[in-house]
Amino acid sequence: MASKAERLQKQYEESIAKAKIAKSALDKIRRDQDRKEKIAARKARNHALFMVGGLAEIAGLLELDKGTLLGALVMISQVAQNPADQHTLKNWKNAGDALLAEREATRKKTKSEPVMETTSEAITNILSDNAMRD
């Protein structure tokens with residue numbers, strides 16, 4: 001028969017083993033959460049970068065060399081940080097919002113109006129396109 005001290009020692013060792021397993025599981029959960037947070041942050045950053053790239057394309061800035069584009073962006077940043085230039089920033093925002101609204105309206109209009117073309121019109125268009133290429 002085991003003494004009380006031996007039983008308590010065995011319980012203690014079992015508790016330590018369970019605690020190690022629980023700590024390992026907790027560490028894994030924390031690593032998974034950290035990984036998911038990093039992935040979400042990276043996706044948000046990539047989304048923002050793609051949006052900026054799309055806006056640069058809309059503004060026609062893709063034709064500029066990278067030094068010119070970076071210099072212009074630095075100047076925009078300086079204007080944005082200067083409280084005295086807030087009027088200029090507001091004007092830029094209004095112009096940009098108007099252009100985006102115009103593009104969205106055009107996109108919706110084009111999307112909502114189905115292009116109906118008869119077979120003979122389609123053939124005529126194809127033939128005229130081919131004739132123009134020759």
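**Notebook: pocket, patch and salt bridges**

I began with the largest pocket, which holds about 570 Å³ of space. Among the 17 residues that line this pocket, I noted L55, A56, A59, L61 and I76 as the closest to its centre. This is a predicted model, in which local features need pLDDT of at least 70 and side-chain atom pairs count only at pLDDT 80 or more, while totals for chains, interfaces and linings use all residues. Residues are numbered from 1 along each chain as its sequence is written, and side-chain values use heavy atoms, with hydrogens and water left out.

I wrote down what a pocket is here: on a 1 Å grid over the protein atoms alone, it is an open set of points where a 1.4 Å probe fits, with protein on both sides within 12 Å along at least five of seven lines, and its lining residues have an atom within 4 Å of a point. Grid points are joined across faces, edges and corners, and the volume is the space filled by probe spheres set on the points. Rolling a probe the size of a water molecule over the atoms shows where empty space is left.

**Helices and lining**

I then looked up the fold, and the protein chain has 4 helices and 0 strands, where helices (H or I, at least four residues) and strands (E, at least two) are DSSP runs numbered from the N terminus. Which helices each supply at least two residues of the pocket lining? They are α1 (4-58), α2 (66-81) and α3 (86-112), and α3 gives the most, with 7 residues.

I sorted the lining by residue type and found 14 nonpolar, 1 polar and 2 charged. In this sorting, Ala, Val, Leu, Ile, Met, Phe, Trp, Tyr, Cys and Pro count as nonpolar, Asp, Glu, Lys and Arg as charged, and the others, Gly among them, as polar.

**Surface**

The accessible surface of the protein chain comes to about 12200 Å², of which 61% belongs to carbon and sulfur atoms; such areas come from the Shrake-Rupley method with a 1.4 Å probe, and for residues only the protein chains shown count as cover. Buried residues make up 1% of the 134 residues in the chain, where buried means under 20% relative accessible area, exposed over 50%, and partly exposed in between (1.4 Å probe, protein chains only).

On the surface I found a nonpolar patch of L70, L73, V74, I76 and W92, with about 460 Å² of accessible area together. Patches are made of residues with over 30% relative accessible area and no salt bridge, with nonpolar side chains (Val, Leu, Ile, Met, Phe, Trp, Tyr) joined within 5 Å and like charges within 9 Å. Helix α2 gives the most to this patch, with 4 residues. L70 lies in α2 and is exposed, with a relative accessible area of 54%.

**Salt bridges**

I counted 4 salt bridges in the structure, each being a side-chain nitrogen of Lys or Arg within 4 Å of a carboxyl oxygen of Asp or Glu. K23 pairs with D27, their closest N and O atoms being 3.2 Å apart, and both lie in helix α1, 4 residues apart, about one turn of the helix. D32 and K28 form another, at 3.1 Å from N to O, and they too lie in α1, 4 residues apart.

In helix α3, where D97 and K93 both lie 4 residues apart, their side chains meet at 2.8 Å, N to O. Is K93 buried or exposed? At 51% relative accessibility K93 counts as exposed, whereas D97, at 36%, is partly exposed.
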